[in-house]
Amino acid sequence: MLYFNFMDQVYTRYTTTLLNRTHEYGDVYTFTFEKPRELTFASGNYAHIFLPTVQAPDKSTRKLSFASAPNDKELVFSTITASHSPWKTKLLELKNGDTVEIFKIKGYLEIPKSGTLVMIANGVGITPFRSIIREHFKESTPITPIFVHFGKDHYLYENEFSQLDFEQYRITREQTEEILNPIIERYKNAMYVVSGSPLFVENMTKTLQEKGIPENQIQTDSFDGLID
């Protein structure tokens with residue numbers, strides 16, 4: 001564990017080792033790293049990941065949401081690599097045993113301690129929700145998770161989630177009215193969390209508000225780095 005200066009601020013830097021890379025589908029990969037003993041985070045958080053082999057300093061760091069729960073023994077991140085940017089290219093070139101540096105762990109989301117939590121994601125926007133759901137089932141947290149995943153041919157973590165007993169849906173955009181409307185009607189007082197591409201987050205937030213969900217019951221996590 002080291003300390004270093006980034007953008008005139010001092011952050012703890014953790015060195016971690018790649019344990020495994022899994023090809024999920026298409027350009028989506030999951031990366032599993034060793035968890036440094038001192039590293040802590042909350043479900044729904046993200047981390048900045050520094051790849052020292054990327055030559056351009058301004059392109060050597062990107063942020064990814066933790067897909068692992070805080071009490072998991074390993075760190076898991078999933079991302080889409082379709083952009084083939086310098087950072088994504090170097091990430092794909094990592095071999096088991098290679099090291100990266102993790103720092104500046106933060107979060108946009110404030111996960112409620114109890115009550116119903118409706119999580120709506122598209123694509124790899126599911127990653128922070130895996131962290132939340134894993135923590136719920138491992139720690140028996142007093143929330144009631146409801147999950148809606150928008151996709152087409154593939155749904156990340158589908159096999160894992162299908163083994164868990166909670167209300168979950170994997171749908172296409174065409175099924176929005178059919179599936180999402182009844183959920184909104186049943187859970188008017190729930191906290192809603194929307195995660196995915198900026199356009200998806202914007203449109204879904206607007207939909208929720210039009211259906212009567214107030215702004216203070218909606219949180220968002222926009223994955224604006226999907227193309228970089």
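Author: Let us begin with charge: Lys and Arg count as positive and Asp and Glu as negative, while His and the chain ends are not counted. Each charge is placed at NZ of Lys, CZ of Arg, CG of Asp or CD of Glu. The protein has 24 positive and 29 negative side chains, and the centres of the two sets lie 3 Å apart. This is a predicted model, in which local features need pLDDT of at least 70 and side-chain atom pairs pLDDT 80 or more, whereas totals for chains, interfaces and linings use all residues. Residues are numbered from 1 along each chain as its sequence is written, and side-chain values use heavy atoms, without hydrogens and water.

Reader: How many helices and strands are in the protein?

Author: Both are DSSP runs numbered from the N terminus: helices are H or I of at least four residues, strands E of at least two. The protein contains five helices and twelve strands.

Reader: How is burial read, and what percentage of the 228 residues count as buried?

Author: Buried means under 20% relative accessible area (1.4 Å probe, protein chains only). Of the 228 residues, 49% count as buried. In helix 2, the buried residues are Thr127, Pro128, Phe129, Arg130, Ser131, Ile132, Ile133 and His136.

How values were computed: Buried means under 20% relative accessible area, exposed over 50%, partly exposed in between (1.4 Å probe, protein chains only).
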